Amino acid sequence: MHISDGVLDIKIIAGGFTAAAGLTALALKKVKSDDIPRLAVMGAFFFVSSLIHFKVGITSIHLTFIGLMGIILGIPSILAILTGLFFQAVMFQHGGISTLGVNTVIFGLPALLVYGAFLPLAKRWKGRPFCLSLAGGILAGLTILTAAGLILVIIRFSGDEFTGIAFVFSAAHGILALVEGVITFFILRRLLKIKPEMLYAYKAGTLESSG
Amino acid sequence: MELDQYARLRSPIHTWDARWKLIAIVPLIFVCAAVKHAPGLLCAALVSSTMVIISGLPIRHVLKILKGPFYFIIIMTPVLMLTSGGERLISWKVVSVYRSGLYIAARLAIKALSIMLLFICLFGTARFQESMKAMEFFKLPPILLSLLFFTYRYIFLYLEEFGKLLTAARLRGYTLLRGLKGLKSTVSILVTLLIRSYEQSERVYAAMRLRGYTGAFPTLCHFKTQASDVLKTSLLLSLSVLIVYMDVL
């Protein structure tokens, strides 16, 4: 799901770092030092979840939980994604160092979109955990498709040579979107039952509606 | 799997001040990402491999790290040869093998491996705290630094916890992601992992606050610039310029 070192043109790499710096600055404005453990836990969860592979035909794909990150952390999810991607690149060589900025945008933007979409739903469906979990699952699935679409666009802008391969790999993400959507639905169902205060988007949405 | 497993070795790369090392290696990483032609690519490969040799890092350790990009390239090469377009090498019905695919795969391999080798030299030859301290020197926001530090710590906690949960699940006959039964156990393991780690992190953070943690990044390492640091940095920056020159020539 990540773009590796050596694939992108230097202009796209520079653009990726600029956009990621903008998103990071936005996230840093929303963060207090008390949020650090929560963000670090989710960054580590994002890292570890990439180790859960499952077979699809002759290849295997891994979970990402970008949607879940957006719902649990809100706008600061960008920071957890950035650090998670950094460690994935340096410890497991998933993705790349020069493409860290671009990958942060590919994962971070969809996470923000999910947060933005989940917030009004949490307000409307307060006390209806099944509907909320279902919406969260669908949004998480769509997140994967958005990220795959972003990869295609970025690679297309970077040059023609990798467009074919990008189409092949993006097609495989349809299955990942389905699996991640279903798993996110079940995780949200459990979290809304056991520890709803963990979900920032839920907390913010319900507080808004009661206030 | 630790980043700084071999940080205690003694080599010219290990003794290089982490701040100066950042100044020299980060631009070189971007130069490696930018090169397009054979002379520039070969120079980049030569410089990065020489750096790793000088660092004295065990070859098995370096190869283990390079395994990831290597597998990626092995998978990419045939797909690139079939999809890149351009001059055909072999054609059979609707399937064609393109010559340019091979060149693109070779370019991708050299760039990806060179960048990874440089990164091993940057973070594998200094203690993690030292590298963080160097980044702090370049005004990386303290929250981001603390986040990097905490995440690094939690990754190992998570992996340990994940291993325990997986063993417990296997002993009860459950497996990860195989059919609906597998899905149920996967979700249970992930939710338990998430909640346990979340609660543990809150307890750790509360304990740290009680001991006076304010968000600053305290370490025992202190930097002192020496003439050799400036010399090594100037040499590597000159090599970066040379690679760019060779590439545009």
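Visitor: Where do I start with names and numbers?

Guide: Residues count from 1 along each chain as its sequence is written, while chains are lettered from A and ligands numbered from 1 in the order in which they are written. The model is predicted, so local features need pLDDT of at least 70 and side-chain atom pairs count only at pLDDT 80 or more, while totals for chains, interfaces and linings use all residues.

Visitor: What is the mean pLDDT of chain A, and what is it for chain B?

Guide: pLDDT is the predictor's confidence in each residue, from 0 to 100. Chain A has a mean of 85, with 91% of its residues at 70 or more. For chain B the mean is 86, and 95% of residues reach 70 or more. Within chain A, strand 1 (residues 53-56) has the lowest confidence, a mean of 62, and helix 1 the highest, at 94. The model as a whole scores ipTM 0.86 and pTM 0.88.

Visitor: How many helices and strands are in chain A?

Guide: Helices (H or I, at least four residues) and strands (E, at least two) are DSSP runs, numbered from the N terminus. Chain A has 8 helices and 2 strands, in the order α-α-β-β-α-α-α-α-α-α from the N terminus on. Chain B also has 8 helices and 2 strands, but its elements run α-α-α-β-β-α-α-α-α-α.

Visitor: What does the radius of gyration say about chain B?

Guide: That radius is taken over C-alpha atoms, and the globule rule is 2.2 Å times the number of residues to the power 0.38. Chain B has 23 Å, whereas a compact globule of 249 residues would be near 18 Å. Its C-alpha trace spans about 60 × 60 × 30 Å along the principal axes. Chain B is also split by the domain assignment into domain 1 (18-126 + 224-248) and domain 2 (137-210); such bounds come from an automatic or database assignment. The C-alpha centres of these two domains of chain B lie 33 Å apart.

Visitor: At what angle do helix 2 and helix 3 of chain A cross?

Guide: Axes are lines fitted to C-alpha atoms, for helices over the stretch in contact, and angles run from 0 to 180 degrees between N-to-C directions. Under 35 degrees counts as roughly parallel, over 145 as roughly antiparallel, 65 to 115 as roughly perpendicular and the rest as oblique. Helix 2 (residues 36-49) and helix 3 of chain A cross at roughly 170°, their axes coming within 11 Å. That makes helix 2 of chain A roughly antiparallel to helix 3 of chain A. A:Leu39, A:Met42 and A:Phe46 in helix 2 meet A:Met69, A:Ile72 and A:Leu73 in helix 3; contact means C-beta atoms, placed from the backbone, within 7 Å.

Visitor: And how does helix 3 of chain A pack with helix 6 of chain A?

Guide: Helix 3 (residues 66-73) and helix 6 (residues 129-158) of chain A pack at about 125°, with axes 7 Å apart. That makes helix 3 of chain A oblique to helix 6 of chain A.

Visitor: How many residues does each chain give to the contact?

Guide: Chain A gives 46 residues and chain B gives 53. Helix 2 of chain A contributes the most to chain A's side, with 11 residues. That side has 31 nonpolar, 10 polar and 5 charged residues. Here Ala, Val, Leu, Ile, Met, Phe, Trp, Tyr, Cys and Pro count as nonpolar, Asp, Glu, Lys and Arg as charged, and the others, Gly among them, as polar.

Note on methods. Two residues are in contact if their C-beta atoms, placed from the backbone, lie within 7 Å.
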